[in-house]
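Please examine the sequence and the three-dimensional structure shown below.

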Amino acid sequence: MERAEWLQQMRVSAEWFYDQLAPQYWVTCGLYPNETHLKFLQGLLARLSPGSSVLSAGCGAGRYDGLLLAAGHHVLGIDQSAGMLARAQERFPEARYERMRLQEMGFRNEFDGAICIDALEHVSPE
């Protein structure tokens, strides 16, 4: 199998998996306590000006978007899974969500901060 074909299969597989998980995401996974992630987010929040624009890259169901929103920031969440984005939009209607893979990002100087937590394992080296 050619590498390009294999990479495409991996992308499709990841999207399928997260779309299948999405309907029960908040019941099954919830907001699990992760001290390292929370410490990172607290540090980021301390550096952001009020009302900042934050990119939540690979946001999934928006696990950490609520913390950003509660701090008064504007959030754009991107993810490859339409199912996960639907869960995020249901839970955080005040945020904006778009279906986009991390590899497709073309943002330039649009955000005051960005997070990408538990997502890079789905990005190939290319």
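**Cysteines, strands and cores**

Cysteine 116 has a relative accessible area of 32% and is therefore partly exposed. The model under discussion is a predicted one. The sulfur of cysteine 116 has its closest cysteine sulfur in cysteine 59, and because the two are 10.0 Å apart, they are too far from each other for a bond. Cysteine 59, in turn, counts as buried, since its relative accessibility is 10%. A search of the whole structure accordingly gives zero disulfides.

Strand β1 comprises residues 53-57 and is mostly covered, with four of its five residues buried. Two strands pair with β1. Strand β2, residues 74-79, pairs with β1 in the parallel sense over five bridges; within this pairing, serine 56 has glycine 77 of β2 as its bridge partner. Strand β4, residues 113-115, also pairs with β1 in the parallel sense, here over three bridges, and alanine 114 in β4 stands opposite leucine 55.

Histidine 74 belongs to strand β2. Is histidine 74 buried or exposed? With a relative accessible area of 52%, histidine 74 is exposed, because the threshold for that class is over 50%. Apart from its neighbours within four places in sequence, histidine 74 is in contact with Gly51, Ser52, Ser53 and Val54. Histidine 74 and arginine 96 are 22 residues apart in sequence, and their C-alpha atoms are 8.3 Å apart in space.

Helix α5 spans residues 82-91, and Gly83, Met84, Leu85, Arg87 and Ala88 are buried in it. Which elements cover these buried residues? The cover includes α1 (3-21), α2 (25-28), β2 and β3 (96-99).

The nonpolar cores come next. The largest nonpolar core has 21 residues, and Phe92, Ala95, Tyr97 and Ile115 are those with the most contacts inside it. Helices α2, α3 (35-47), α4 and α5 each supply at least two residues of this core. Helix α5 gives the most to this core, namely three residues. A second, separate core has seven residues, among them Ala57, Leu76, Ile78 and Leu102.

The aromatic rings complete the account. A pair of aromatic rings is described by the distance of the centres and the angle of the planes. How many aromatic pairs does the structure hold? The structure holds two. Phenylalanine 17 and tyrosine 18 form an edge-to-face pair, with 4.9 Å from centre to centre and 85 degrees between the planes. Phenylalanine 17 is partly exposed at 44% relative accessibility, and tyrosine 18 is partly exposed with a relative accessible area of 22%. Phenylalanine 107 and phenylalanine 111 also form an edge-to-face pair, with 5.1 Å from centre to centre and 85 degrees between the planes. Phenylalanine 111 has a relative accessible area of 22% and is thus partly exposed.

Conventions: Residues are numbered from 1 along each chain as its sequence is written. This is a predicted model: local features need pLDDT of at least 70, side-chain atom pairs count only at pLDDT 80 or more; totals for chains, interfaces and linings use all residues. Side-chain values use heavy atoms; hydrogens and water are left out. Buried means under 20% relative accessible area, exposed over 50%, partly exposed in between (1.4 Å probe, protein chains only). Two strands pair if DSSP finds at least two bridges between them. Rings of Phe, Tyr and Trp (its six-membered ring) pair if their centres lie within 6.5 Å; planes under 30 degrees apart count as stacked, over 60 as edge-to-face and the rest as tilted. Contact means heavy atoms within 4.5 Å. A nonpolar core is a set of buried Ala, Val, Leu, Ile, Met, Phe, Trp, Tyr and Cys residues joined through side-chain atoms within 4.5 Å. A disulfide is a pair of cysteine sulfur atoms within 2.5 Å.
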